Structures are given as C-alpha cells and as structure tokens.
Amino acid sequence: MSKTIDNFRNFFRIDKNKTTFHVKNAIEDVLNILDAQLKNNYISLNFEGNDFSIDGFKTEFEQVIMNVISNSKDAFLSNKIEKPVIDIRLEEHKIYIQDNAGGIPENILDRVFEPYFTTKQQGDGTGIGLYMSKMIIDENMNGKIYLQNKNNGILITIELA
C-alpha cells in the first residue's frame with residue numbers, strides 16, 4: 001500500500017526540469033497505478049521490448065501513457081469487448097500501444113487530437129486527454145504521436161528523440 005501511495009505522490013508531482021529517465025520504468029510506474037483497474041475489468045496487458053532512456057519530463061510522459069491506457073479501458077467497457085488486451089512494445093525510441101477495443105470510425109479518426117473532441121458519450125469524456133497527450137509529446141518532448149486503426153483496435157505510436 002505504501003508503494004502505491006508513493007507512486008501516486010510521485011506521479012502527480014509537478015516538475016518542470018528535464019531529466020534523463022528510463023522509459024520502461026516510467027511505464028511500469030503507470031502500470032502499477034492502473035493494475036487494480038486492469039485486473040478488475042479483466043484486461044490482459046503484455047509489455048515487452050528493450051528499455052531506452054530519454055531526456056524529458058517524466059511525469060508528463062507518464063500522464064500520456066496513463067491517458068492512452070485509460071482510453072483503451074473505457075473503450076473496452078463501452079464496446080463490451082469479451083477478451084480485452086493491451087500490448088505495449090518498446091523499440092528503439094518508439095513505443096507502440098495496441099488494443100483490441102474496436103477502433104475509431106475512419107471519418108473522425110483525424111479529429112481525435114483536437115481539443116474538446118471526444119468519441120465518448122456526452123458527460124463521459126472531456127476531449128482534452130489526447131489533445132494534451134499530443135501537446136506533451138510534440139511540444140514538450142520533441143516527439144511525435146500517431147494513432148491508427150489496426151487489428152480491430154487502435155495502435156498508438158509514440159516516437160521520441
């Protein structure tokens with residue numbers, strides 16, 4: 001329990017100092033926080049790949065990962081997916097996060113990073129999660145974030161320098 005409290009305390013700490021951090025450790029910190037939610041909703045998670053270090057804002061990066069995984073969880077529940085799975089793969093300065101939650105209609109796919117745009121039911125989403133994630137990755141970490149439909153779900157690709 002104290003480790004979970006420490007994880008929350010560190011996660012919500014606001015630090016605007018760029019540091020060098022290990023991507024795998026940052027993602028594991030987020031997964032520790034979300035572990036109970038994933039288990040309670042019978043969501044399988046696979047995490048593999050080789051760790052790499054980047055210079056950036058660790059807590060902001062963790063917010064992006066938390067937002068992406070939370071969006072997948074919400075889509076699993078909304079779409080009543082029977083065997084929900086999230087795969088996270090690290091590959092030389094890239095992070096791939098794939099779910100099988102049904103994807104996003106092609107006619108709105110290019111709008112998901114717009115502020116206040118949401119695919120969720122009214123009152124269930126604010127439409128700022130992916131917008132903020134894009135701002136953090138593109139502007140604060142000099143990276144890129146992409147989203148596409150793939151294998152009956154969404155594939156998020158995050159490229160970091």
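Predicted model: local features only at pLDDT ≥ 70, side-chain atom pairs only at ≥ 80, totals over all residues.
User: Start with helix 2 and helix 3. At what angle do they pack, and how far apart are the axes?

Analyst: Helix 2 (residues 23–40) packs on helix 3 at about 40°, and the axes are 9 Å apart.

User: What end-to-end span should helix 3 have, and what does it have?

Analyst: Helix 3 covers residues 58–78, 21 residues, so at 1.5 Å a residue it should span 30 Å. Its end C-alpha atoms are 30 Å apart, which agrees.

User: And what follows helix 3?

Analyst: Lys80, with a positive phi near 50°. Lys80 sits in the loop between helix 3 and strand 4 (85–91).

User: Buried or exposed, that lysine?

Analyst: Lys80 is exposed, with 69% relative accessibility.

User: Why remark on the phi at all?

Analyst: Most residues other than glycine have a negative phi.

User: Where else does a positive phi of about 55° turn up?

Analyst: At Tyr42, which is not a glycine either. Tyr42 is in the loop between helix 2 and strand 2 (44–49). Tyr42 is exposed too, at 72% relative accessible area.

User: Switching to helix 5. How many residues, and what reach?

Analyst: Helix 5 (residues 129–140) has 12 residues and reaches 15 Å from first to last C-alpha, close to the 16 Å expected. Just after helix 5 comes Asn142, with a positive phi of about 50°.

User: Which of its residues are buried, and what do they pack against?

Analyst: The buried residues of helix 5 are Leu130, Ser133, Ile136, Ile137 and Asp138. They pack against helix 3, strand 6 (144–150) and strand 7 (153–159).

User: Last one: where is Glu114?

Analyst: Glu114 is in the loop between helix 4 (106–109) and helix 5. Its relative accessible area is 31%, so Glu114 is partly exposed. The C-alpha atoms of Glu114 and Tyr131 are separated by 5.7 Å, though the two residues are 17 residues apart along the chain.

Conventions
Residues numbered from 1 in each chain as written. Heavy atoms only, no water. Helix = DSSP H or I, 4+ residues; strand = E, 2+ residues; numbered from the N terminus. Expected span 1.5 Å × (residues − 1). Buried < 20%, exposed > 50% of the residue type's maximum accessible area, 1.4 Å probe, protein only. Contact = heavy atoms within 4.5 Å. Axes fitted to C-alpha atoms, helices over the stretch in contact; angles between N-to-C directions.
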